Amino acid sequence: MTMSDHDDEQLRILLRFILHINEVNQDLRRLVCDIEDDKTSITAVCRYYEAFNEIQMMITSGPSLNLVDYLVELDRLDDAHRYFKQIHDEDQHKRSGQLYNIGLKKLIEESDELIMFHSIPLNSDDLLELSKSTIYQPINPEEMQESSLSTFRIIFDWFKEHGYQQGLINLYATKRGNMICSSLKLLGEYLAKKSVRRASISLFTASPCLSSSRSSLNGDMIREHMKTQLIRLGHRIARSPVFGSRDTSSRRNSLLVPPKPHEEENTINVDGIASSIRFSNDQEANRYKYLLDAFVILLLRDVDLLFYVFEAEFKSIILHKLIEIPLTYLYEEAKQLCKAINELTNKIYHGKFAFYSLISVIRWFYRSNPLLTQFYQESDLTLSQQQFTNTLLILFENSLMEYLRLVLNEIQNESSPISSNCQVHSLTVHVFDYMEDYLNYESIITTVHKNQNSIVPSCIYMGELYRILCRNIFEKRPESIVYDDSVIRAIFLLNNTTYIFKRIESSSLLSIMELIHPNLKSNIETYIEKSIKIYMKCCLPIITAMQEMFHYDDLYHLPNNQLKDSDRSQLKSNFSMVNTAIDTFRRQNQSYVIDDSQLRDRLRSELKQSILDMFTKYYTKFASKNFTHHPEKYIRYNPSTFNNLIEQLFED
């Protein structure tokens, strides 16, 4: 055997020895662990037998006096319970198990009391002040008895270590969720009785300085408060992240500060809520937006509280469960609001504020989106857990889409009668009000269409509105006149056509209407001229009567004096006919109203050119002839009185 072979053999022997030593070392470690476990079990069993009555009294009394000692004894009782199971001592196993379950129950009761202490619904006045404030005020644990927060945290960490944390999570989320829900209900009832000025907090910006103060509070106050108790409690509680070093970024939730409220929303009053929603103002929408504002505030405050009580890994789970209860209330309130809006009759007449309500609430969600997105991200809520936005916003968007459809149907089926004075029909006025409102909120409505995967350009919807209105006013309305009166028809059409023309020309509707109907202006002007000609037919009886006398004079050349009996008879008869025609003309036109001053002047000018000029000639030529001893009976009108008659036409 060479020297090299000898060295290799020595190395192999040394390696086998080292491996053997490692195996022996591992066996020794396992033995030490078993001994340690046995020692712990033996200590727990000895304690169990030595001081059972004392342990039983402590466990049944609850942890309120000394939580740390209570948890230590409960752990020892658990060790003894498992030991009795291992040695098959059924009596002691059952006895220790019953006592251990009593201890768990007492811990849950203590947790429930601690949660309830911080789950009292907020006073409506206080909640209103929080909602109206332009600066969000985070929770101050110094004012909330931070020891109770620490106590609950210790109990939760103990439950977590023993695998029972889910029940405590559910308990906390349910209690806090009910608190938020009760606070919102109380606020809703309060708003029903009070007149409150609303300042929206739907927009927020980040405020890192508030997060830093929260970090300082957690690191100093709570850790120092529980320092002495942790030493006694031992390794189980010491491992809790709340008392050790933690990555502050994992729990960072920058609190948010709103800007100054929008002026238009700050000047709205929230009055008492009627038993039936009438939408005579926008109080219902503002009431609901107040609830949304309050819900956001309460959620932010709950995130604050979660930070002091739970580890970051549980925050999203608890928030998801916590939100469900108040969200159910807000969802039911939203359903009632949307149902009342969609069931509202005469939307085009009385539903202005109903339309505003939908737009206003939807706009609240759109404007609050940066805040809500940041809230979801910092709370680690997944897309499926973002119920606040996903559930409520979709409900209002669907309601708006339905509202737009119902308005079209309502305009199409509207059949209120023409007014006796043939003024602009109220449907025409309200439809154009609605069209302008639609354009004012076009960006919001367009976004709703996109979210609904239903791209309907504004020009298409506006075109449909205009088409249905014209069909109703210019075709359906004239047909509803039960007697053939072309004058009524002409006045009605003139008023509505002129109103439409002026309304389009002087508003933001012009560009979009020209896009829909390129020849709209010329078509309307042509229609107005046509209607004026139809109206002027009301002058024909007067004109015909006067023409008859002119024709008679052309045939017989009436002298100024010494008229024949037949001539006097003809003049009397003709003046009577003219008087009757003028009386009919005045009676027929005195009830009509022309809303537009320019159209009013235009019609008067047309009447003067058509009949007043002719009447002046008629009066000058024939009234001076001495054909009666009672001129007041036959010559009842002169050019001046006839002119005054025309000037007084079409006024309300």
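The model is predicted: local features need pLDDT of at least 70, side-chain atom pairs count only at pLDDT 80 or more, and totals for chains, interfaces and linings use all residues. Residues are numbered from 1 along each chain as its sequence is written, and side-chain values use heavy atoms, with hydrogens and water left out.

I placed Asp-302 in helix H12 (residues 283-309); helices are DSSP runs of H or I, at least four residues, numbered from the N terminus. Asp-302 has 0% relative accessibility and so counts as buried (under 20% relative accessible area, 1.4 Å probe, protein chains only).

Next I checked H15 (residues 352-378) against H18 (residues 442-451): they pack at about 70°, with axes 10 Å apart. Axes are lines fitted to C-alpha atoms over the stretch in contact, and angles run from 0 to 180 degrees between N-to-C directions. H15 and H18 are therefore roughly perpendicular (65 to 115 degrees). On the H15 side I noted Phe-355, Ile-359, Ile-362, Arg-363 and Tyr-366, which meet Ile-444, Ile-445, Thr-447, Val-448 and Asn-451 in H18.

Last I checked H24 (residues 565-589) and H25 (residues 597-622), which pack at about 155° with axes 13 Å apart. H24 and H25 are therefore roughly antiparallel (over 145 degrees). I listed the residues of H24 that meet H25, among them Leu-571, Phe-575 and Phe-585; their partners in H25 include Leu-607 and Phe-622.

Methods:
Helix = DSSP H or I, 4+ residues; strand = E, 2+ residues; numbered from the N terminus. Parallel < 35°, antiparallel > 145°, perpendicular 65-115°, else oblique. Contact = heavy atoms within 4.5 Å. Buried < 20%, exposed > 50% of the residue type's maximum accessible area, 1.4 Å probe, protein only.
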